[in-house]
Amino acid sequence: MIESININNAFIKTCKLLYYEGKTVSPRGLKTKEIQNFMLTVPAKEDFTITVPERKLSLKYLKAELEWYKSGDPNIEYISKYSTFWSKLVDHNNTVNSNYGKLALYDKYNGMSQLEWCIEQLSNDLNTRQAVINYNQPQHKYSTNKDFVCTIAQQFIVNDGKLDSIVFMRSNDLIYGFSYDVPWFNYLHKLVATAVNMKVGYYRHFATSMHVYENHFEMLETVASNYHAKKQIK
């Protein structure tokens with residue numbers, strides 16, 4: 001398990017772990033370096049935008065993705081202006097399954113969204129273990145699906161008087177998936193904490209498979225080489 005002081009430190013430590021200890025596997029014929037049953041913990045009060053220079057995160061795309069999620073629109077017309085990635089996952093309706101905002105904020109179950117469910121459960125009982133958002137859905141299980149949602153669930157739970165959040169991933173690409181997803185999870189974490197009048201505690205991230213694809217091996221090596229054990233980045 002990785003424990004970090006901030007999200008940048010978490011990214012660096014994960015790069016180092018994958019570079020030095022990752023096993024080479026090739027799902028769908030794509031070469032990756034992988035760590036299974038990966039977990040990290042980081043304080044949630046900090047900003048979750050990764051600013052490690054070697055990552056070269058696109059802030060323009062990150063902002064666009066967050067706005068797209070907030071809109072809840074699964075159509076890729078808006079987000080494809082910022083990245084052609086989504087066009088590879090689109091179905092015949094020009095939509096995808098992985099608009100996390102649609103799944104968490106707009107889809108209704110028994111008259112409420114999953115976010116509303118979480119807030120209601122915590123408001124009724126701060127010791128609840130039922131404040132869960134499910135992202136990967138049974139309806140995503142069809143043979144022609146190009147966008148099988150990577151996130152299984154996000155849970156909110158009170159720990160030592162603060163609200164923690166735990167995300168469970170079936171599969172997580174460190175460079176594209178993790179880097180752009182954690183700001184969304186952090187956004188929801190703070191949203192729920194505000195709604196139930198609590199401070200945020202820790203963010204915990206579990207991935208059955210944390211990995212990097214071959215086209216990013218060079219970046220992985222560069223980060224692992226540039227940051228020795230005691231060097232940190234804010």
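## Basis of the description

The model is predicted: local features need pLDDT of at least 70, side-chain atom pairs count only at pLDDT 80 or more, and totals for chains, interfaces and linings use all residues. Residues are numbered from 1 along each chain as its sequence is written, and side-chain values use heavy atoms, with hydrogens and water left out.

## The buried side of helix α4

Helix α4 spans residues 114-124, and its buried residues are Q114, L115, C118, Q121 and L122. These residues lie on the same side of α4 because they cover an arc of only 130° around the axis; the arc is that of the directions from the helix axis to the C-beta atoms. Buried means under 20% relative accessible area, exposed over 50% and partly exposed in between, with a 1.4 Å probe and protein chains only. Helices (H or I, at least four residues) and strands (E, at least two) are DSSP runs, numbered from the N terminus.

The buried residues of α4 pack against α3 (100-106), β4 (132-134), β5 (151-159), β6 (162-169) and α5 (174-195). Contact here means heavy atoms within 4.5 Å.

## N8 in helix α1

N8 belongs to helix α1, residues 7-21. N8 is buried, at a relative accessible area of 4%. Its side chain reaches the backbone nitrogen of V52 at 3.4 Å. A polar contact is a pair of N or O atoms within 3.5 Å; within protein, one must be able to donate a hydrogen and the other to accept it, and residues adjacent in sequence count only if both atoms are side-chain atoms.

## Aromatic pairs

The whole structure holds 13 aromatic pairs. Rings of Phe, Tyr and Trp (its six-membered ring) pair if their centres lie within 6.5 Å; planes under 30 degrees apart count as stacked, over 60 as edge-to-face and the rest as tilted. Y61 and Y180 form an edge-to-face pair, 4.9 Å centre to centre with 80° between the planes. This pair links distant parts of the chain, with Y61 in helix α2 (residues 59-71) and Y180 in helix α5, 119 residues apart. Y61 is buried at 8% relative accessible area, and Y180 is buried at 9%.

W68 and W86 also pair edge-to-face, at 4.9 Å centre to centre and 65° between the planes. W68 lies in helix α2 and W86 in the loop between α2 and α3, 18 residues apart. W68 is buried at 1% relative accessible area, and W86 is buried at 4%. Ring pairs link W68, Y69, F85, W86, Y100, Y135, W184, F185 and Y187 into a cluster.
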